[in-house]
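User: I have a model open and would like to talk through a few local features with you. Can we start with the backbone and then move on to side chains and the ligand?

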Amino acid sequence: MKTIEVLVDRPYPVHIGQDLLNDIAGAVPTSANKVAIIFAPAVTSRAHSIGDLLKQEVVYVELPDGELAKTPQALQECWEILGKNAFTRSDFIISVGGGATSDLAGFVAATWLRGVNAIHVPTTLLAMVDAAVGGKTGINISAGKNLVGAFHHPHSVWCDIETLNTLPIADLRAGFGEIVKCGFISDVVILDVVRKHGAQLVDVQHPALIELISRSIAVKAAVVADDFTESKIGGLGREILNYGHTLAHAIEKFENYGRRHGEAVSIGMVFVAELSAQLGKLSQAEVAEHRLLLQSLGLPTSYDGRAWPELRGAMSIDKKSRGDVLRFVVLESIGVPAIAESPSEEQLQAAFVAISVGGGR
Ligand code: GLY
């Protein structure tokens, strides 16, 4: 088992390994009398396997699937269950599921009695390397995604590779979007590993998978330790984790959130690499490297050119833009991020044309 400490004001460990059920159950201190296991329907049996090993009284809370978990109604339901079962400050919440599960369960933990302990057990590759680490929690409302939430450190995070065995292959593949992102913004060894193994990595049994997950979590942990609340003034902060995300969020909105996040991020990274080239930062060879590595994993790198007006509009209202200024995380070179504010419309359009297929070319 590998452990990465997230060195925030209340440091916590992220464990990565195989068959961690006993370790997860053992992580709940005896001072807790009750544990609420908040889980996604796809991982019901895993949630029960953890619950069966706990010494505490266990309350199971099954969430609706995917983003439907992140609603005020689901949140209210969780609060009611905790209330009915008289959960106190010393009791624990365990989330078992993907990013939507840890976002919702984390927000329940942040708000119940103004904050109780949450253990996250991410069961998708994407959640392991992103959502479950870093303390962002929240729900969606009709005005937009993640508009209501809180920063709340988990007690610990347990990435059990075993859980990936039942993950659909397309979801496993999409998780690599965020892994490759960590390579481009910081740890270039990740890119070396992808260059070496390519599509073979999209296999839960691949020996390099744990290393890639650990390295990606280490990138995120370092960024979060430096700028937990994404409010750093001067220098680069947590915002760099959004490499490729401005266009990705626009694509997700354009497709009514039917597109896997990691796929949208893959397309978004090629777009912003092209933008970096437009700004005189990346070379064409470095942009080509983006396409090569992402395509080697089977991830998408182009988009329908006819969608530009809608995507451009959506990018203007992305929550990462500050005031009227459109900000992009770009690269000075591979592994060296920077912020570009208000690139020209010509540069944005040229970057999009470069990734376009269909009528927009
Ligand atoms: N997923 C981006 C962040 O945690 O800041």
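User: Where is Ser 342?

Analyst: In this predicted model, Ser 342 sits in the loop between β12 (336–341) and α13.

User: And what is phi of Ser 342 near?

Analyst: Phi of Ser 342 is near 45°, which is a positive value in a residue other than glycine. Most residues other than glycine have a negative phi.

User: Is Ser 342 buried or partly exposed?

Analyst: Ser 342 is partly exposed, since its relative accessible area is 45%.

User: Which residue other than glycine has a positive phi near 55°?

Analyst: That is Ala 86, whose phi is near 55°; Ala 86 belongs to the loop between α3 (72–84) and β5 (92–97), and with 45% relative accessibility it counts as partly exposed.

User: Switching to rings: how many aromatic pairs are there in the whole structure?

Analyst: A search of the whole structure gives 7 aromatic pairs. One of them joins Phe 271 and Phe 352 in an edge-to-face arrangement, with 6.5 Å from centre to centre and 65° between the planes.

User: Which parts does the pair of Phe 271 and Phe 352 tie together?

Analyst: Phe 271 lies in helix α10 (residues 261–278) and Phe 352 in helix α13 (residues 345–355), so the pair ties together parts that are 81 residues apart in sequence.

User: Which residues do ring pairs link into a cluster with Phe 271 and Phe 352?

Analyst: Trp 308 and Phe 328 are linked with Phe 271 and Phe 352 into a cluster by ring pairs.

User: OK, on to the ligand. Which residues are around it?

Analyst: The residues around the ligand are Asp 130, Lys 136, Lys 220, Arg 238 and Leu 241, and this shell divides into 1 nonpolar, no polar and 4 charged residues.

User: What distances separate polar side-chain atoms from the ligand's oxygen atoms?

Analyst: A polar side-chain atom of Lys 136 lies 2.9 Å from an oxygen atom of the ligand, while for Lys 220 an N or O atom of the side chain is 2.6 Å from an oxygen atom of the ligand.

User: And which side chain has an N or O atom 2.9 Å from a nitrogen atom of the ligand?

Analyst: That side chain belongs to Asp 130.

User: How much of the ligand's accessible area does the protein cover?

Analyst: On its own the ligand has 200 Å² of accessible area, and the protein covers 87% of that.

Conventions. Residues numbered from 1 in each chain as written. Predicted model: local features only at pLDDT ≥ 70, side-chain atom pairs only at ≥ 80, totals over all residues. Heavy atoms only, no water. Near = heavy atom within 4 Å. Polar contact = N/O pair within 3.5 Å; in protein donor to acceptor, adjacent residues only side chain to side chain. Areas by Shrake-Rupley, 256 points an atom, 1.4 Å probe, with all protein chains shown as cover. Nonpolar A, V, L, I, M, F, W, Y, C, P; charged D, E, K, R; others polar. Phe/Tyr/Trp six-rings, centres within 6.5 Å; stacked < 30°, edge-to-face > 60°. Helix = DSSP H or I, 4+ residues; strand = E, 2+ residues; numbered from the N terminus. Buried < 20%, exposed > 50% of the residue type's maximum accessible area, 1.4 Å probe, protein only.
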